[in-house]
Amino acid sequence: MTHYQSDLLRLLNDRGYIHQLTDAEALDSLASKSIIPGYIGFDVTADSLHVGNLVQIMMLRRLQQAGHKPIVLMGGATTKIGDPSGKDEMRKILDDEGIASNFAKIRGCFENFLTFGDGPTDAIMVNNDDWLGQLEYIPFLRDIGRHFTINRMLTFDSVKLRLEREQPLTFLEFNYMILQAYDFVELSRQYGCKLQLGGSDQWGNIVNGVELGRRIEGAELFGVTTPLITKADGSKMGKSVDGAIWLNAERLSPYDYWQFWRNTDDRDVGKFMRLFTDIDLEEIARLESLEGSEINEAKKLLADAATAMAHGDSAAADAARTAQQTFEQGTAGNNLPVFEVADSEISILDALVGIGFCASKGEAKRLVAGGGARIDDDPVRDAGAMVDLAGEDRKISAGKKKHGLLRSA
């Protein structure tokens, strides 16, 4: 068991965030006597972040909780290139308008997790397009590119894996690691940033930034990576059978977000509480030891805490109340998704597709055939069945976890 003297590394270690550190002893010493500005970069490829990004957001929250300064670096420039780490194919390149739109929407993802402002430990958000967009290509190659050897770059997993799989790796993507390293140097110059945090797949990129800072600035920079967060069944954190678990309420309702956490595997409850909530560690130890039906109460606490952090206390309370009404009392909760139907009746297949529970009528047919479709908790066995709305809401369910309301417009 590693013993750290700084609140920062103790907090990160005790809650399970640390996988690798560049110089643990020096970082621990620095963090125990001064405020450290630290950053994580986020590309703006979508209009919301998702649960797969959440461990990084929580790392910034822990940084602030330990008395240090979080820097949220938005990749307005690097999004135009695409990070090859963990990817088999080149990502779609967005235009400036798409990036600006995504930037504005993603900003809201951070507001419940971090305190922004002008104080010494207040979070700030910056855009790497502010400096990368101003670079002149030839001077950049001469001044920065000469510090990177092709031999070394070929050893990094982000490059090696793509080549081993015989997937194309463009020259554009190959430059991504140079630009990310330069981001670290620029943040060090402008904001006194000393620390880059990231997932384990970013280790090579982080080390590049630490080394570049030392070579061209004589700066002492540090890196910390988190382990790959997986669920007990081995699947990657952040995905469900229905796709990404988005953090923006416009993409995923607080109720569905609450349900995602409520459906956590028993074996993951303690780990997820440590990583994704502020619940006290002693209380977590007690809760994760529960068994049988009692563990479900722990899952509800996890869902409440995680949803409150992302969407606020009121949204979390509403989601919990809706779940109780739906599952425990057998009534339709007020916050279930609603599909408004133009007529007074609709086919069961159109209803399942329209509310978003099935991607196609073929999928809806299979659901009905398997006995997974229900109206007002009664199974629907006939794929040709019509649902009569008759001026009142009807509860529609797909499986045990998807519930919504059909409403005549």
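In which helix is the place of Ala369? The place of Ala369 is in helix 18, which covers residues 361-369, where helices are DSSP runs of H or I with at least four residues, strands are runs of E with at least two, and both are numbered from the N terminus. The model is predicted, so that local features require pLDDT of at least 70 and side-chain atom pairs count only at pLDDT 80 or more, while totals for chains, interfaces and linings use all residues. Residues are numbered from 1 along each chain as its sequence is written, and side-chain values use heavy atoms, with hydrogens and water left out.

Ala369 has a relative accessible area of 68% and is therefore exposed, given that buried stands for under 20% relative accessible area, exposed for over 50% and partly exposed for values in between, with a 1.4 Å probe and protein chains only. Between the C-alpha atoms of Ala369 and Asp96 there are 47 Å in space, and the two residues are separated by 273 residues in sequence.

An open sheet of six strands shows mixed pairing and the order 1-6-5-2-3-4, two strands being paired if DSSP finds at least two bridges between them. Its edge strands, strand 1 (20-21) and strand 4 (124-127), each pair on one side only. Strands of a sheet pair through backbone hydrogen bonds, in either a parallel or an antiparallel manner. Strand 2 (residues 37-43) pairs in the parallel sense with strand 5 (residues 195-199) over two bridges, and Gly38 has Leu195 of strand 5 as its bridge partner. Strand 3 (residues 69-75) and strand 4 also run parallel and are joined by four bridges, with Val126 of strand 4 as the bridge partner of Leu73. In a regular strand, side chains alternate between the two faces of the sheet. From strand 4, Ile124 and Val126 point one way, whereas Met125 and Asn127 point the other way, and all of these residues are buried.

The structure holds 15 salt bridges, each defined as a side-chain nitrogen of Lys or Arg within 4 Å of a carboxyl oxygen of Asp or Glu. Arg61 forms one of them with Asp278, the closest N and O atoms lying 2.5 Å apart; this pair links distant parts of the chain, since Arg61 belongs to helix 3 (residues 51-65) and Asp278 to the loop between helix 13 (269-276) and helix 14 (281-288), 217 residues apart. Arg62 also forms a salt bridge with Asp278, again with 2.5 Å between the closest N and O atoms, and here Arg62 in helix 3 and Asp278 in the loop are 216 residues apart.

Because Glu211 lies in helix 11 (residues 203-217) and Arg152 in helix 7 (residues 150-153), the pair ties together parts that are 59 residues apart in sequence. Glu211 is partly exposed at 24% relative accessibility, and Arg152 is partly exposed with a relative accessible area of 33%.

Asp343, Glu345, Asp388 and Glu392 form a negative surface patch, patches being made of residues with over 30% relative accessible area and no salt bridge, in which like charges are joined within 9 Å and nonpolar side chains (Val, Leu, Ile, Met, Phe, Trp, Tyr) within 5 Å. Of these residues, Glu345 lies in strand 10 (residues 345-347) and counts as partly exposed at 41% relative accessibility.

Note on methods
Accessible areas come from the Shrake-Rupley method with a 1.4 Å probe; for residues, only the protein chains shown count as cover. Lys and Arg count as positive and Asp and Glu as negative; His and the chain ends are not counted. The place of a charge is taken as NZ of Lys, CZ of Arg, CG of Asp or CD of Glu.
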